[in-house]
Amino acid sequence: MKAASLSYAAAASATDAVRMLSSPEAKVIAGGQSLGPILNLRLARPSGLVDVSRAADLRAVTETPDAVHYGAAVTHAEMEDGVVPDATPGWMQTVARRIAYRAVRNRGTIGGSLAHADPAADWVNALTALDASVVLTRSDAERTVKLEQFFTGPFATVLAADEIIARVIVPRRTLQARWAYWKFCRKTGEFAKASAAVLLDPARNQTRILLGAIERPPVLLPDAEAIMTGSITPARAVACAAPELDAASAAMHAAALTRALAMVAA
Amino acid sequence: MTRIHLRINGREQSGDAEPRTHLADFLREEMNLTGTHLGCEHGVCGACTILIDGRPARSCITMTAACQDADIRTIEGYLDDPVMAALRASFKKHHALQCGFCTPGMLATAFDIVTRLPDADEARIREELAGNLCRCTGYAGIVAAIKAVLSEGVPAPAIRPIKRVALAASAEASPAIATSSAPPTGAVEPTASLEGGVTLSRNVAIAVSADHLWRELKDIQRVAAALPGAAIDTVTPDGHVKGSFTVAIGPMRASFGGNAHVIYDDASRSGLVRGSGGDRLSRSMAAGEVRFAVTPAGAGHAMLAAEIVYRLSGPLAQFGRGAVVADIVDRLLQQFTANIATLAQGGAVSEKPQGGFGLFAAAILSMLRRLLRRGQRRDQR
């Protein structure tokens with residue numbers, strides 16, 4: 001239950017971190033709330049850790065008229081406490097407050113959660129539904145990737161070995177927009193067994209319905225309008241989007257979707 | 001060793017820690033502060049919860065090196081805080097502890113609840129306590145103790161959250177990170193049962209004749225080349241293979257070493273690979289079976305059907321979720337059939353293991369492992 005021997009270096013900036021990642025066996029660590037257990041169990045044995053949790057530019061938040069750019073090392077607790085601005089009318093704050101436990105939220109980061117890409121993680125699902133993007137940086141280039149293209153599988157993303165998440169861009173939403181995020185957890189703070197999110201934003205002409213915690217990247221349901229009007233039932237939508245789910249899991253996801261839809265309609 | 005400086009329970013202290021040392025071990029082993037308890041040591045039980053910069057955190061999954069210059073409060077440092085004094089008295093009065101193992105963590109979390117959430121009701125208290133496990137009390141006493149402190153008025157705390165991580169700590173010289181040598185291959189030889197295993201299948205049509213595809217499949221080295229992460233050490237003429245299979249799921253990595261047996265039936269153009277192996281480092285084992293069959297599909301095409309049954313056990317299986325493994329294995333199977341198609345049509349496949357394949361996959365793969373990769377396959381081709 002002790003990590004295997006490794007080296008450790010703290011990065012002062014994103015550039016610094018990318019430089020230190022020159023070895024393919026090195027691994028970025030931010031809050032370490034997912035990587036920590038994996039290291040202790042020795043399921044991962046990186047030769048070294050590059051700690052980005054104190055990198056100044058990764059802890060900066062900038063606001064534009066259209067979006068908020070969160071440094072990747074902003075913690076869940078900082079979002080929960082309103083220390084950083086919320087791009088939405090309080091929705092992100094509510095999502096943050098239900099992530100794991102306070103002791104975890106105090107160290108876990110928004111960028112770390114996305115890079116880890118646990119299919120059941122809150123930010124993975126909620127931020128995809130909110131049409132967020134990530135800015136990825138490496139030594140010679142920067143690129144912006146929408147989250148729906150960022151995840152390639154469970155615990156897998158498009159991140160290259162020498163690339164890190166610098167910022168998360170979340171489009172602003174006004175009170176005219178409606179939002180619901182619903183998850184089932186067997187125990188408070190546990191990873192979700194099923195989750196669903198609904199975003200209705202008439203100002204941006206967006207209707208996004210997401211099915212999450214399906215052990216692969218979340219899916220944005222086609223025919224969102226038809227699901228909203230009820231001509232496609234939640235059970236049918238789940239069966240089409242995730243036919244691999246067993247009956248119990250499909251029922252849980254259909255219920256999560258039903259509840260999210262009810263919240264948006266309320 | 002890294003020199004670590006911390007302010008522990010109000011005193012400036014320094015000590016040496018290996019980069020891998022988590023904060024709980026540093027406090028217990030180097031600072032002799034054994035009041036911080038280690039239960040699960042992977043962030044689940046909450047026993048090791050302490051206050052870092054005045055906020056609760058799990059010390060077992062916090063790297064010591066990441067806490068340079070932080071303010072640390074452990075159970076040994078709560079004596080002069082009025083809130084902690086009120087909580088201690090209330091825990092005693094409401095029988096909020098029995099064996100005491102969880103109590104240091106419970107107090108840290110209780111401190112956070114009463115100072116951060118002065119209006120918390122019982123439901124909120126229970127929600128906030130969800131990350132701290134107690135096996136004695138049934139929680140009723142703990143909840144009652146916290147409720148009582150809240151209703152009787154919370155004294156002004158002496159311990160307060162301090163400003164969060166400063167924005168730019170001056171950059172220290174960062175040592176270059178060395179590349180580690182290849183992990184040793186395990187030599188576990190379990191005879192795991194496939195009962196209760198997971199079955200996945202894939203069919204793919206390939207634009208070559210059935211005979212051609214079958215010849216392709218009979219070359220074990222070629223088959224291994226099609227499986228990302230597989231490496232073959234030895235193959236006997238009767239199809240006994242020794243080898244390894246390496247998979248990575250996110251940061252997790254496992255290398256399953258073991259034996260497999262490959263059986264071909266020319267008459268039906270079908271075959272079977274059965275194998276099992278273990279990853280010594282993660283103490284996980286995998287067993288599995290791959291069945292494959294080739295059938296003509298008309299007009300110079302052949303259909304390759306592949307089915308995989310696998311079973312994973314040990315910490316890897318415990319840590320992962322079944323469906324994640326299944327998805328990874330399915331992607332692997334997909335890659336495998338696609339690579340076979342490419343090879344059969346005279347193409348070349350990349351040797352690079354797929355980034356998205358999990359350890360779990362490893363399990364599965366372990367069976368396949370016999371077929372698998374490893375640098376030497378490259379040489380042999």
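Colleague: At what angle do helix α2 (residues 82–93) of chain B and helix α5 (residues 140–152) of chain B pack?
Modeller: This is a predicted model, in which local features need pLDDT of at least 70 and side-chain atom pairs pLDDT 80 or more, while totals for chains, interfaces and linings use all residues, and side-chain values use heavy atoms, without hydrogens or water. Residues count from 1 along each chain as its sequence is written, and chains are lettered from A and ligands numbered from 1 in the order in which they are written. Helices are DSSP runs of H or I with at least four residues, strands are runs of E with at least two, and both are numbered from the N terminus. The axes of α2(B) and α5(B) are 8 Å apart, and the packing angle is about 135°.

Colleague: Is α2(B) parallel or oblique to α5(B)?
Modeller: Axes are lines fitted to C-alpha atoms, for helices over the stretch in contact, with angles from 0 to 180 degrees between N-to-C directions. Under 35 degrees counts as roughly parallel, over 145 as roughly antiparallel, 65 to 115 as roughly perpendicular and the rest as oblique. The angle here is about 135°. The two helices are therefore oblique.

Colleague: Is the crossing of α2(B) and α5(B) left-handed or right-handed?
Modeller: A crossing is left-handed if the near helix is turned anticlockwise from the far one by less than a right angle, and right-handed if clockwise. For α2(B) and α5(B), the crossing is right-handed.

Colleague: How many nonpolar residues does the contact of α2(B) with α5(B) have?
Modeller: Contact means heavy atoms within 4.5 Å, and here Ala86(B), Leu87(B), Ser90(B) and Phe91(B) of α2(B) meet Ile142(B), Ala145(B), Ile146(B), Ala148(B) and Val149(B) of α5(B). Ala, Val, Leu, Ile, Met, Phe, Trp, Tyr, Cys and Pro count as nonpolar, Asp, Glu, Lys and Arg as charged, and the others, Gly among them, as polar. The contact of α2(B) with α5(B) has no charged residues, 1 polar residue and, of the nonpolar ones, 8.

Colleague: At roughly what angle do the axes of α2(B) and helix α3 (residues 103–116) of chain B cross?
Modeller: The axes of α2(B) and α3(B) come within 10 Å. These two helices are therefore oblique to each other, and α2(B) passes α3(B) in a right-handed crossing. The contact includes Val83(B) and Met84(B) of α2(B) and Met106(B) and Phe111(B) of α3(B), with 10 nonpolar, 2 polar and no charged residues.
Modeller: Helix α10 (residues 234–241) and helix α11 (residues 247–265) of chain A have axes that come within 8 Å and cross at roughly 130°, which makes them oblique. The crossing of α10(A) and α11(A) is right-handed, and the contact includes Pro234(A) of α10(A) and His253(A) of α11(A). This contact has 8 nonpolar residues, no charged ones and, of the polar ones, 2.

Colleague: How many aromatic pairs does a search of the whole structure find?
Modeller: Rings of Phe, Tyr and Trp (its six-membered ring) pair if their centres lie within 6.5 Å, and planes under 30 degrees apart count as stacked, over 60 as edge-to-face and the rest as tilted. Over all chains, the number of aromatic pairs is 6.

Colleague: Is the pair of Trp91(A) and Trp179(A) stacked or tilted?
Modeller: The ring centres of Trp91(A) and Trp179(A) are 5.7 Å apart. Their planes are at 15°, so the pair is stacked.

Colleague: How many residues apart in sequence are the parts that Trp91(A) and Trp179(A) tie together?
Modeller: Trp91(A) lies in helix α4 (residues 91–97) of chain A, and Trp179(A) lies in strand β11 (residues 178–184) of chain A. Both residues are buried, where buried means under 20% relative accessible area, exposed over 50% and partly exposed in between (1.4 Å probe, protein chains only). In residues, the separation of the parts is 88.

Colleague: Is the pair of Trp214(B) and Phe292(B) stacked or tilted?
Modeller: Trp214(B) is buried, with a relative accessible area of 6%, and Phe292(B) counts as buried at 11%. Their ring centres are 6.3 Å apart and their planes are at 40°, so the pair is tilted.

Colleague: Is Thr64(B) buried or exposed?
Modeller: Thr64(B) is found in the loop between β4 (55–58) and β5 (71–73) of chain B. Leaving out residues up to four places away in sequence, Thr64(B) touches Ile4(B), Ala17(B), Thr21(B), His22(B), Leu23(B) and Phe26(B). At 0% relative accessibility, Thr64(B) counts as buried.
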